[in-house]
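Welcome! Please take a look at the sequence and the fold below, and then we can walk through a few local features together.

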Amino acid sequence: MSTILILGGGFGGLSCANELRRLLADEHKIIVVDQSPDFIIGASKPWVMLGDLEPERAKHSRQKLKSRGIEFVQAKINSIDPNNRSVETSVGKIQGDYLVIALGAELDMNQVLGLAENAHSFYDLSGAIKLRDALQKFKGGDIVLLIPRAPFKCPPAPYESALLLKDHLKRRKIPHRLTVATVEGAPMATAGPEIGSFVRELMQTAGITYLNLRKTISVDGVGKNVKFEDGDLGYDLLIAVPPHVPPTVILDSSLKGPNGWIPIDRESCRLTKPQAGVFAIGDCTVSPLPGKFKPDAPLVLPKAGVFADRQGIVVAQNIALAMRGQTSRVAYDGKGFCYIETGDMHAARGDGSFFDLPHPTMERHIPDMTHYEGKREWVKGLIERFLGS
C-alpha cells in the first residue's frame, strides 16, 4: 500500500486527488491537507462582489472528498520535508510515499504601504462580501481598480471584474468614473499583444480608463490618493488585486527558487532539482515557457486554475504509472482556456497554447451569450467533478 500526500485543496490538489482515486486501487491512501474546510472557485467571487451570488453558495465542503475514498485533513501546514516526503501540521506529522505540493499563492495587501487599510478586494470571499456591502452604499464618484504587483492568479480576473462592475453600476444608474491602473504593460501579456489589444478595446468600449506601467508606491487613505512613481491618482472607492507571494511554508523550506516560487519542469511538474516522488503544481510554482514575444523578455506559465487542474491530472497519471512499474510518462502540454465576462450576460472565451513556438498563442472569440452560458456550465461541472453536486 502507498500513500500519496497532497498539500492544498485547490484546483490542482483536487484534480490530482480525484484522478489518483480513479486510477488506483482502494488500498492506496490519498490524503489532501488544507487549512480551510471549503473550496471556493475564484470565478464565483466577482458574482459575490456584485450581489449576484450568496456567499454560502460559493463555498463547497472539502469533507465531500471522504465519500470518494479520499481522506481530507483540515490542518495548518507548519513545515515541509521534501527529502522524506513528510509535513508537520497543526494536527501532527503526516508521511507519504509521494508528495504533491499544490499550495497556491498567498495574498498580502501589506506589500504596499496603506493598501490593506484603504482598499477593498474580491480575491478572497470575505473581501468580496465587504466590497459587495461597500458597492451597495456607493452613491457615485471615482473608482480605481488597482493592480499594484505581478504576478497574480487568473490574469483576466481584474479586467473581467472591471467590465462587470461597469455594467452593474450602469444598470443601477450610479454616476461614476472607473479606472484600471496596473503595473503591467498590457492585459494578459503572456497571451500576446493581440489579446492585450482585445481586452483594452473591451474596456474602451465600456468607458473604462486604462493606465498601464504604473508602479504603486503607497496609498494615502486620508487624501484618498494612490501614489505611483510618476504621479498620483485620486479615488472615492479603491479596489485592489492583492499582491501575491509564495506561501510562507515554502519560503521557509528548501523548495523555494530565486524568486520564492517553486521551480518546476514544465512538462513533468517535477522539481527543477528533482527529488524522488515529489511534484509541485499550480500557483505556488514557476514554470518557464519555451517561447517569447520579445528576445529579452522571458515568459512563465500564468497562474490560473485551468493550468493547475491539468497539471494535477498529469501528475496523478505519472504517479500511477510509476506505481505500476511502467516507464512511460505523460507530459503536460501547456494548453488552457479562460473566460472574460463583459456584462449583460455576455462573455468571451480564449483558448491558449502556451508551449507553442516562437511564442504562446491564444484564439479568442467575440463576447456572446453562448460563452456566458459556457462559463456557468464550466463552473458547475468543475464543482461536480472535484467534490460532487
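## Terms and model

Contact here means heavy atoms within 4.5 Å. Helices (H or I, at least four residues) and strands (E, at least two) are DSSP runs, numbered from the N terminus. The model is predicted, with local features needing pLDDT of at least 70 and side-chain atom pairs counting only at pLDDT 80 or more, while totals for chains, interfaces and linings use all residues. Residues are numbered from 1 along each chain as its sequence is written, and side-chain values use heavy atoms, with hydrogens and water left out.

## Helix α5 and its neighbours

Let us begin with α5, which covers residues 125–137. From its first C-alpha to its last, this 13-residue helix reaches 19 Å, close to the 18 Å expected at 1.5 Å a residue; the expected span is 1.5 Å times one less than the number of residues.

Several positions in α5 are buried, namely L125, G127, A128, L131, R132, A134 and L135. Buried means under 20% relative accessible area, exposed over 50%, and partly exposed in between (1.4 Å probe, protein chains only). The buried residues of α5 pack against the strands β3 (38–40), β4 (59–61) and β17 (237–240), and also against the helices α2 (45–49), α3 (55–58) and α6 (157–172).

## A three-stranded open sheet

Next comes an open sheet of three strands in the order β6-β7-β8, with antiparallel pairing. Its edge strands are β6 and β8 (92–95), each pairing on one side only. The twist averages 20° from one strand to the next, with axes taken as lines fitted to C-alpha atoms (for helices, over the stretch in contact) and angles running from 0 to 180 degrees between N-to-C directions.

Two strands pair if DSSP finds at least two bridges between them. For β6 (residues 77–81) and β7 (residues 86–89) there are four bridges, and I80 has V87 in β7 as its bridge partner. These two strands form a hairpin with four residues between them.

## Backbone points to check

R85 counts as partly exposed because its relative accessibility is 21%. M345, in the loop between β22 (335–343) and β23, also has a positive phi, near 60°. With 42% relative accessibility, M345 counts as partly exposed.

One runs from A150 to P151, with omega near 5°, and P151 lies in the loop between β11 (141–147) and α6. Another joins L357 and P358, with omega about 10°; P358 sits in the loop between β23 (346–353) and β24 (361–364).
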